[in-house]
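Welcome! Here is a short briefing to read alongside the sequence and the 3D view. Please keep both open as you go through the points.

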Amino acid sequence: MPKKLLLLPPLSASAAFRLPRPRPAARLAMNAARTGYRVFSANSTAACTELAKRITERLGAELGKSAVYQETNGETRVEIKESVRGQDIFIIQTIPRDIDYSPPGALHHRCCPPLEVFITLSRNSAPCSCNIAAGEFKLPTFQLAAERLTTVPPGLLALPLPPKSFLVMAAKWKVRDVNTAVMELLIMAYALKTACARNIIGVIPYFPYSKQSKMRKRGSIVCKLLASMLAKAGLTHIITMDLHQKEIQGFFSFPVDNLRASPFLLQYIQEEIPNYRNAVIVAKSPDAAKRAQSYAERLRLGLAVIHGEAQCTELDMDDGRHSPPMVRNATVHPGLELPLMMAKEKPPITVVGDVGGRIAIIVDDIIDDVESFVAAAEILKERGAYKIYVMATHGILSAEAPRLIEESSVDEVVVTNTVPHEVQKLQCPKIKTVDISLILSEAIRRIHNGESMSYLFRNITVDD
């Protein structure tokens, strides 16, 4: 049977010389090849841009040009200084620790950069503004460690460099806190979205409000609220590290890569702790037992758990099921008899496991208030441990943590640089830092190139 021929209409002169239109897949590939990527820091302070600079150096890229500052009325302003149209944008935001305010006349005040101090000097009673570098400052008479002067009103005596001791009559501290850092991230993400960025990926090594991921009485799940705010601001992806609860990833409507710092901490144990084969991994509470077990299994070491009445964990807090409270003289249906719930009572402090004559390594994800770690170190000393290390991913080290660590039985505290803590290291030489910029830069490279992220999770367990 002869084949049928399909007759096409004759081509016009213009159509005869027209190039064939590329297929949709080819157009997408061409667009993906043309797009680049930029790395921005969500704040402009030296202490918080250090991690961003380390990441860009490993990537062989330059840090994006932007300006993030606080106006005189306290509002945050973000300005993008270059074009980002059609590019993959990575925003690196580190969360600063809170700083306790000590009024003039206090015995001492420990502070952390960035810090702007308005001081009234008794020598001329004239206010001036300066940037404080770091360290411990004595009040009311202290050595003013000024890095450079900023905004000295005309006609006033400028502070000489190096400065001298002055009597402080009044002082006002302006400090970046966690809420300011969140607003910086949100505003920058929205500014990049408005500037037609292709993808906006947030690199948040320590995710704030991660401890508020469960309902407590009449509280709220603030972590879920923050996830919704980030999505609304324009973020399309997040890279973070060691979330306090793994379930937090379910709060987001876009992908979340929860990287682990355990390979770097394990490497530190093997290379920097002498005779680590004689060590035992310790969980300071039953909540941290799974993490400690994961470390112990990979290092082929023993495991110990501290359990007792001195430990106050999140599991001991009341949750939303206790709301509303019971009302006295409330009428109860005669056929309804609920069983009485016995109150929790913890046994005396015990250490499950042998630590006598061993090196004790306490592992956790966050070191914030160090009282529980100091108490655990005292118990381990009593049980015969001759050297005590504390290892965690996020070293927030709030309040008087450096002083308490320095005065405790802890020999060394090892944390990563997910949170800036250079001032704490100056105050306490026991604090050591492990750099995790390598895995963050590799995650950025793989996400931009569309490569698999599974390589970064080799030999990683869920309990890490």
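In this predicted model, strand β19 (residues 387-395) and strand β20 (residues 412-416) run parallel and are joined by 3 bridges. Across that pairing, Val 390 of β19 has Val 413 in β20 standing opposite. Strands of a sheet pair through backbone hydrogen bonds, in either a parallel or an antiparallel way.

**The sheet around this pair**

- Both strands belong to an open sheet of 7 strands, whose order is β17-β16-β15-β18-β19-β20-β21.
- Pairing within this sheet is mixed.
- Which strands sit at the edges? They are β17 (350-352) and β21 (431-434), and each of them pairs on one side only.
- From one strand to the next, the twist averages 25 degrees.

**Helices that lie on the sheet**

- On the α4 side, the contact is made by Val 182, Leu 185, Leu 186, Ala 189, Tyr 190 and Lys 193.
- The α5 side contributes Leu 226, Met 229, Leu 230, Lys 232 and Ala 233.

**Cysteines**

- How many disulfides does a search of the whole structure find? The search finds 0.
- For orientation, a disulfide is a covalent bond between the sulfur atoms of two cysteines.
- Cys 196 counts as partly exposed because its relative accessibility is 35%, a value between the 20% and 50% cut-offs.
- Cys 428, in turn, is buried, with a relative accessible area of 0%.

**The protein as a whole**

- There are 11 helices and 21 strands in the protein.
- Of its 464 residues, 45% are buried.
- Among contacts with a separation of 6 or more, 68% are between residues 24 or more positions apart.
- The protein exposes about 25,200 Å², and 56% of that area is supplied by carbon and sulfur atoms.

Definitions and conventions:
Residues numbered from 1 in each chain as written. Predicted model: local features only at pLDDT ≥ 70, side-chain atom pairs only at ≥ 80, totals over all residues. Heavy atoms only, no water. Pairing = 2+ DSSP bridges. Helix = DSSP H or I, 4+ residues; strand = E, 2+ residues; numbered from the N terminus. Axes fitted to C-alpha atoms, helices over the stretch in contact; angles between N-to-C directions. Buried < 20%, exposed > 50% of the residue type's maximum accessible area, 1.4 Å probe, protein only. Contact = heavy atoms within 4.5 Å. Areas by Shrake-Rupley, 256 points an atom, 1.4 Å probe, with all protein chains shown as cover. Disulfide = S-S within 2.5 Å.
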